[in-house]
Amino acid sequence: MRIAIYPGSFDPITHGHLDILKNASELFDKVIIAVAHNGAKTGFLTTEERVKLIKESIKDMPNVEVDSFEGLTIEYAKKHGANVLIRGLRAVSDFEFEMQLSQTNSALCSDIKTVFLTTKPKYNFISSTTIKEIWKNDGDISKFVPEPVYNYLKTKSPRE
Ligand code: ADP
């Protein structure tokens, strides 16, 4: 069984992430989307909120599960018997960081390979960071995020 882990912040999950997930779910038997919990850093949404919104957004992908984890991604992947880590690439600017990360993970455990995926061009530019900026300034984010995220953020005040 080919198990892939898709780790990240997903703060919040976007159509870009979902497109990567869809591609991964067609390539692997099981994909675990794993929200990295960083106790030292407060994000925009809590880890619980992110997990809940992801769960609601992946209902049409039966071989995708959502989870959260703390600590090293590679240790989490080993514990779950994963063969692959999925990461997404948008532009050259992602490349340097992602390359370093994949080589570090490979040095820690050479059995687990990193696979890079891209999205359809229409989702390529989307990032959680820009979505948060648009939302904080009362802009329309409906094109960039799945419906559960859009509906949830409508209930939240940007000043919270
Ligand atoms: P992290 O904090 O680990 O970068 P993110 O939630 O920002 O977590 O992203 C998780 C992964 O998804 C990263 O590999 C990132 O490059 C990728 N990704 C995010 N948005 C897109 C997109 N629109 N197209 C391609 N890859 C993306």
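Student: Which backbone does a nitrogen atom of the ligand sit 2.9 Å from?
Tutor: Ile126. A nitrogen atom of the ligand is 2.9 Å from a polar backbone atom of that residue. Keep in mind that this is a predicted model.

Student: How much of the ligand's accessible area does the protein cover?
Tutor: The protein covers 85% of it. On its own, the ligand has 550 Å² of accessible area.

Student: Which elements give two or more residues to the shell around the ligand?
Tutor: Strand S1 (3-8), H1, strand S4 (84-88) and helix H4 (92-108).

Student: And which residues come nearest to the ligand?
Tutor: Tyr6, Ser9, Phe10, Gly88 and Tyr123, out of 18 residues around the ligand. By class, that shell has seven nonpolar, seven polar and four charged residues.

Student: What about other polar atoms by the ligand?
Tutor: Take His17. An N or O atom in the His17 side chain is 3.1 Å from an oxygen atom of the ligand. Then there is Asn124, where a polar backbone atom is 3.4 Å from a ligand nitrogen.

Student: Is Phe10 buried or exposed?
Tutor: Buried. Its relative accessible area is 3%, so Phe10 falls under the 20% cut-off for buried.

Student: What is phi for Phe10?
Tutor: Near 50°. That is a positive value in a residue other than glycine. Most residues other than glycine have a negative phi.

Student: What joins Asp11 and Pro12?
Tutor: A cis peptide bond, with omega of about 5°. Pro12 is in the loop between S1 and H1. As a rule, most peptide bonds are trans.

Student: On to H1. How many residues does H1 have?
Tutor: 13, covering residues 15-27. From first C-alpha to last, H1 reaches 19 Å. That is close to the 18 Å expected at 1.5 Å a residue.

Student: What happens at the start of H1?
Tutor: Thr14 reaches in. A side-chain oxygen of Thr14 comes to within 3.0 Å of the backbone nitrogen of Gly16.

Student: Which residues in H1 are buried?
Tutor: Gly16, His17, Leu18, Asp19, Ile20, Leu21, Ala24 and Ser25.

Student: New topic. What does the side chain of Arg87 contact?
Tutor: Glu98. A polar contact of 2.8 Å joins the two side chains. Arg87 lies in strand S4. With a relative accessible area of 19%, Arg87 is buried. The cut-off is under 20%, so Arg87 qualifies.

Student: Where is Tyr76?
Tutor: In helix H3, residues 73-79. Tyr76 counts as buried, at 6% relative accessibility.

Student: How far apart are Tyr76 and Pro7?
Tutor: In sequence, 69 residues. In space, 9.7 Å from C-alpha to C-alpha.

Student: Now the exposed ones. Where is Asp138?
Tutor: In the loop between helix H5 (128-136) and helix H6 (147-154). Asp138 is exposed, with a relative accessible area of 64%. Phi of Asp138 is near 65°, positive in a residue other than glycine.

Student: How far is Asp138 from Lys154?
Tutor: They are 16 residues apart in sequence and 10.0 Å apart in space, C-alpha to C-alpha.

Student: Last one. Is Asp111 buried or exposed?
Tutor: Exposed, at a relative accessible area of 62%. Asp111 lies in the loop between H4 and strand S5 (113-117). Asp111 and Asn83 are 28 residues apart in sequence, and their C-alpha atoms are 6.8 Å apart in space.

Terms used
Residues numbered from 1 in each chain as written. Predicted model: local features only at pLDDT ≥ 70, side-chain atom pairs only at ≥ 80, totals over all residues. Heavy atoms only, no water. Helix = DSSP H or I, 4+ residues; strand = E, 2+ residues; numbered from the N terminus. Expected span 1.5 Å × (residues − 1). Buried < 20%, exposed > 50% of the residue type's maximum accessible area, 1.4 Å probe, protein only. Polar contact = N/O pair within 3.5 Å; in protein donor to acceptor, adjacent residues only side chain to side chain. Near = heavy atom within 4 Å. Areas by Shrake-Rupley, 256 points an atom, 1.4 Å probe, with all protein chains shown as cover. Nonpolar A, V, L, I, M, F, W, Y, C, P; charged D, E, K, R; others polar.
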